[in-house]
Amino acid sequence: VDFLHRVAGLGRGVDDREIELQVGGVEFDEEVEDHVEHLVRAGVFTVGADASCSAPDLAIALLLSAANGSGHDEIHLTADQVGNFSIHSQSVSIVGGYATCAAVSPTTISVISGPGTGRVFMIYGATSALLVELVNLDVTGGVALFGGGLYILDQFVVALDNTWVYSNQADSGGAGSGGGI
């Protein structure tokens with residue numbers, strides 16, 4: 001793991017094809033190479049109002065993440081967010097509860113609320129298994145026909161860690177419409 005972190009740290013500005021994945025004469029298999037390649041390309045985007053933050057809101061941070069390539073990015077939230085957010089064909093962790101954009105670890109929970117119309121998160125467009133992690137969040141206030149809080153299509157794996165999905169609504173009228181998910 002330490003080796004992977006050191007390789008990931010070297011990745012900024014380095015063409016990842018130039019990194020030879022060999023330690024002590026042992027060459028790693030393709031699965032490990034793919035994992036390291038994703039780590040090398042991954043970015044951390046911070047959301048908040050101060051000048052040290054990458055983006056002023058979650059919607060812009062998701063666009064920055066999508067433009068960053070196919071690595072698994074991480075988005076750190078310093079404030080609650082309101083809106084309808086799309087995660088399209090990207091692997092990303094959204095982690096709430098940071099006190100500032102410079103903070104190294106979260107200390108609380110961030111609330112992500114729908115504006116009263118539309119779902120909070122639409123997660124779609126994966127043609128192969130992609131991971132979306134929602135960490136230290138409350139997802140609330142979404143209203144849609146299906147999946148008011150989270151609507152997940154395609155081949156995504158969605159992991160919730162210290163995340164509550166509540167007070168969302170599905171208006172399709174059928175049983176199992178998924179008010180929350």
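The model is predicted: local features need pLDDT of at least 70, side-chain atom pairs count only at pLDDT 80 or more, and totals for chains, interfaces and linings use all residues. Residues are numbered from 1 along each chain as its sequence is written, and side-chain values use heavy atoms, with hydrogens and water left out.

Start with the sulfur atoms. A disulfide is a covalent bond between the sulfur atoms of two cysteines. Here a pair of cysteine sulfur atoms within 2.5 Å counts as one. The count is one disulfide. Cys-53 is joined to Cys-101, with 1.8 Å from S to S. The link of Cys-53 and Cys-101 is right-handed, at 100° about the S-S bond. Both Cys-53 and Cys-101 are buried (under 20% relative accessible area; exposed is over 50%, partly exposed in between, with a 1.4 Å probe and protein chains only).

Now look at the rings. The whole structure holds one aromatic pair. Rings of Phe, Tyr and Trp (its six-membered ring) pair if their centres lie within 6.5 Å; planes under 30 degrees apart are stacked, over 60 edge-to-face, and the rest tilted. Phe-85 and Phe-121 have ring centres 5.9 Å apart and planes at 40°, so this pair is tilted. Phe-85 has 5% relative accessibility, so it counts as buried. Phe-121 is buried too, at 0%.

Ile-181 has a relative accessible area of 55%, so it is exposed.
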